[in-house]
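Here are a few exercises to work through with the model open in your viewer. Try each one before reading its solution.

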Amino acid sequence: MEDRGLHRRTFLKLAAAAGAVATTGIPLAPKAALAMHSWKKKSNFEQYPFTEKLIYRVEDGTLPDRVVKNGCSFCPSACWHMVHVKDGRISNVYGDPDNPMQADPDKPGKGIDGGLCAKGRIGIVQLLYNKYRITRPMKRVGPKPSYKFEPISWDQAYEEIAKKLIDIRDNTPEGAKAVAAKTSDRVSRDNGAPQFRFMHMYGSPNTTHEGYICNDAGGIANGMVLGKGSQTNGFGWDPITQSYDLGDSKMILWFGVNDAASHPVTHSWLRKRKEIVKSTWVVIDPRMNETALAADLWMGIKPGTDMALAYGMIHYIINNNLHNKEYVEKWVAGFNELKDLVNGKGYTPEWAATITGIDVETIKKVARLYATTKPAAIITNAGINHHVNAVDCERVLVFLAAITGNIGIPGGGHVAMHNSGIGVSFPGIKGAPKITEAGLPPQPDYFARAINEGKPYKLRMIFYVGNMTTQNSNTSMVRKALMNPDVTYVSFNLFPQEDTEYADYILPTQIFYENDHVHRRLDRGLMWRSKVVEPMGEAKSELQIWIELAHTMAKHDKKNPPEYWIENMDPRWYKDKRYFWNEVCSKNGGSWSGGITADRMIKLISQQVLRGPCPPMDHPAAKALKPDQLAPDGQHPGTSVMFLDDPSWTLLWANEKFPEGRRFPNDINKVEIYTKELDQKLAAIGHSAIPEFYTSPESIDGLPTLEYLDEFVKSPNLGNSSGGNLVHKVKIGARPDNEELCKKYPLQLTTGRPSVGVFHTISHWAWSLAQISSDRYVQIHPKLATKLGVKTGDSVKVETPRGGITGPALVWDGIREDTVFVPHTFGPKQRVHEDLGGKTYETVNVLTAHYYDTLSGQNEYKCQLCRVTKTTA
């Protein structure tokens, strides 16, 4: 049901909450005790508007039986929680005052509480003890779409799913590749890896993860240019460089990042450091988002044109001799080719101004300031990665950082906030099949396209962690695919959400507090979280589910002996997580994570986050450290600054060609802007080493874009299996033939997070978080509002060639006049909103088309044509 008015609390929170709360480090929820009881027992809690009173009252003032240190895995701020348990149930959640990221800046390490945002303080427990939570395996008994299921045993679920898998592999033309799976590491770093292992053992190349929906493009770009695909720099005290790394940056360019809403607690720490070091912040975004409220300059860029801005800055820096000549000569390959491209193509600041809508003098000023300020960092996120030019735009930003000498120094870098980092290191699979056939383009949208189009081949079964019908573009396309009677859809889930209407089986999973697990921080850090309470009902971790399913396969698989499945999927891995991380992950982690064990993570809780690379102490790189560079336990502290010109880094990557080590772990030991080999490799799929400017097929100015050719080729840089992945070959630089379409849809649609209180659709099942983000608003500029004759709260309709949605207008002068912002994460089955007296909303992805970046698989969520009209209420 669509809402016809904007709730007053939504407007107030959106207008002020970010500046007053989300970026200050002040907890978003009260510090008093929270009594967490079953939602069905109405007498046990009281609901109030979020901004006025406690959401819960405590039944009595007794002390907890125990306090367990766990944490939140919603975002990679990775905040620590001190979880109070009484009579086997959670009674309180506080932040950890010993964690420097969360401590009160005036009283570090003192008091009862460290900073937390609302998601961590109240959201997790409301998901844990929730009347809608699915706690038993479910099997469909009614038609799709519906919630007609019956509970079944785990044994029955495993038996039926295993037999289906074997039938597809052995009796269909496509074989094993007709099964696809998408995972997530949001609860634990060991949740996604067993899916990849199982799918490899099964023989399918179609296994993927949340990074292709989220922000993997930045990591892929870093890997292509620098040799390793992780965030180049971290935050917090770094013993190796004796610095606060990003906390010591003198300038930060925030490209497409709303960090205050996405990572509120670590952003709060960066805000504090900004004031201490007098850093200059510039936010580049079509909206004056919450992060921009604390910045020195907001550059309201047209969606999808960040690459043009970066090239304009590079042109200005090179032609005014502001680049770091010594660094470029020693460490950069392809500088002359880059110079030739920006000059030959006329990528001047003046050209960039016409493309981006930013004043030319502002572009020049920011370029000069960035080039002459040391250290300076570039931080990116979804505003760059949710485009068809995601990897190429990120690569150009790495070029910008490299030519100014900002790679491999504390406080500098190209910090792409993405999903890769330290993974789980399993031993090799004994008897593993060699997968020679390539997988689909490695993003879940292509699951739907393969079903609907049969290209490059059909899918017959999907395993999915997440919400397929709200997360992926072109919702109608996804719903059509899931209605296909030949497709079995297995949903790993917590709630009866939008995509479970189409599921054949629902497998109930666990929440952060229900198991021992390891979570990651933004800067490649890993930390141990101890189990707090027993799982609700029969919920299991993904690690346990995949291992138990493998053991069921052993009973029925006639092509492989039982020990193939049993010995390669060891139950000890989920039964004893300390064993798993001490004896399996660490001993197979090598120089990247060989020094990270469960014992170390537990011992160093609140003292030292172990960031990869973190080798064992017998590694030459670890031996190169001085005593004051070690962790409190006398071992390697983990790496904050990557690509240091120092033996503690370079010795990690020594090989026969470079026995003394490498600063950049690629074949040339340099920043690879251009080499002939790279250019030829990328030409095979239509790309080039130094990309020409292009953007979305649906820009309002008809800018150069990419054309998808009717040809699948194997990607040179993507591969979730030994068979690699197929992508469309593209033609870059084509002008879209959409003049008439632009007349019909003259505005630019962009999407994003609704507020600090939301992390994807799951947040809307926590009633307090649903109160914080109650309305899927339509944010427009006052001039557009005047033209339409609407004011804040009036109902408007947003339409694209795919469909239309309605919602309340939010009039805000901190958005471009030609841009319309509609938040994602909402869906029409979020019953908690209705329980609170509100409305449910259709997902914004009803509006979006499936365009994707062929270098990463990232979707185009942030630059599509639309129109807005006033509707009657």
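A residue is called buried when its relative accessible area is under 20%, and exposed when that area is over 50%. Keep in mind that the model is predicted.

**Exercise 1.** Decide whether R449 is buried or exposed, and find what R449 touches beyond its sequence neighbours.

*Solution.* Start by locating the residue: R449 sits in helix α15, residues 445-453. Next, take its relative accessible area, which is 16%. The cut-off for buried is under 20%, so R449, at 16%, counts as buried. Finally, list the contacts: leaving out residues up to four places away in sequence, R449 touches G454, K455, M477, H728 and H850.

**Exercise 2.** Check the length of helix α3 (residues 154-171) against what you'd expect at 1.5 Å a residue, then work out where its buried residues lie around the axis.

*Solution.* Length comes first. The 18 residues of α3 should span 26 Å, and the end C-alpha atoms are 25 Å apart, so the two agree. Now pick out the buried residues: W154, A157, Y158, I161, A162, L165, I166, I168 and R169. Look down the axis and they fall within an arc of 160°, so they line one face of α3. Turn to the face pointing away from that buried side, and you'll find the exposed residues D155 and N171. Last, ask what the buried residues pack against: the partners include the helices α4 (193-202) and α18 (542-556), plus strands such as β16 (461-465) and β17 (488-493).

**Exercise 3.** Find which residues of the largest nonpolar core touch the most other members, and which helix gives the most to this core.

*Solution.* The core has 77 residues, and L253, Y311, I314 and L338 touch the most other members. Helix α8 (residues 306-319) gives the most, with 10 residues. Zoom in on L253: with residues up to four places away left out, its contacts are V282, I284, M313, V366, Y370, A377, I378 and I379. There's also a second, separate core of 55 residues, with A193, L543, A554 and Y564 among them.

**Exercise 4.** Work out the strand order of the open three-stranded sheet and name its edge strands.

*Solution.* The order is β19-β20-β21, with antiparallel pairing. β19 (517-520) and β21 (610-611) each pair on one side only, which makes them the edges. Between β20 (residues 525-529) and β21 there are two bridges, and G525 stands opposite R611 in β21.

Technical notes
Residues are numbered from 1 along each chain as its sequence is written. This is a predicted model: local features need pLDDT of at least 70, side-chain atom pairs count only at pLDDT 80 or more; totals for chains, interfaces and linings use all residues. Side-chain values use heavy atoms; hydrogens and water are left out. A nonpolar core is a set of buried Ala, Val, Leu, Ile, Met, Phe, Trp, Tyr and Cys residues joined through side-chain atoms within 4.5 Å. Buried means under 20% relative accessible area, exposed over 50%, partly exposed in between (1.4 Å probe, protein chains only). Helices (H or I, at least four residues) and strands (E, at least two) are DSSP runs, numbered from the N terminus. Contact means heavy atoms within 4.5 Å. The expected span of a helix is 1.5 Å times one less than its number of residues. The arc is that of the directions from the helix axis to the C-beta atoms. Two strands pair if DSSP finds at least two bridges between them.
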